[in-house]
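Good morning, colleagues. Please look at the display.

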Amino acid sequence: MPLRFGADVSTAETDYGTVLLDEQVGAYWELNPTATLVVRTLIDGGEESDAAAALVREFDIDEAQALRDVEVLVGQLRSSGLAS
């Protein structure tokens, strides 16, 4: 399922990943380059399996671990209220 940030979440890509600002509570989150790749893939309409495949290609990690990492990240973004 594609990822969508809430209306009150601003994003800015940096040299070190992506910064998220939850404008409603004034909290910042920093995503490392790995998480940025996952988020970019999902925002562009990809599925979690597509994001995991991108991690495998880019970082040469095990596919099962990549999928677990994607699921954890997406779960954290959704449970924090940053994304749906």
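Helix H1 (33-43) and helix H3 (63-79) are among what covers the buried residues of helix H2, contact meaning heavy atoms within 4.5 Å. Helices here are DSSP runs of H or I with at least four residues, strands are runs of E with at least two, and both are numbered from the N terminus. This is a predicted model, in which local features need pLDDT of at least 70 and side-chain atom pairs count only at pLDDT 80 or more, while totals for chains, interfaces and linings use all residues. Residues are numbered from 1 along each chain as its sequence is written, and side-chain values use heavy atoms, leaving out hydrogens and water.

Which residues of H2 are buried? They are Glu 48, Ala 51, Ala 52, Ala 54 and Leu 55; buried means under 20% relative accessible area, exposed over 50%, and partly exposed in between, with a 1.4 Å probe and protein chains only. Viewed down the axis of H2, these buried residues fall within an arc of 155 degrees, so they line one face of the helix. The arc is taken from the directions from the helix axis to the C-beta atoms.

Just after H2, Asp 60 adopts a positive phi of about 50 degrees.

I turn now to the strands. S1 (residues 9-14) and S2 (residues 17-22) pair in the antiparallel sense over six bridges, where pairing requires that DSSP finds at least two bridges between two strands. These two strands form a hairpin with two residues between them, and Glu 13 stands opposite Thr 18 in S2. S2 also runs antiparallel to S3 (residues 27-31), joined by five bridges, with Val 19 opposite Glu 30 in S3.
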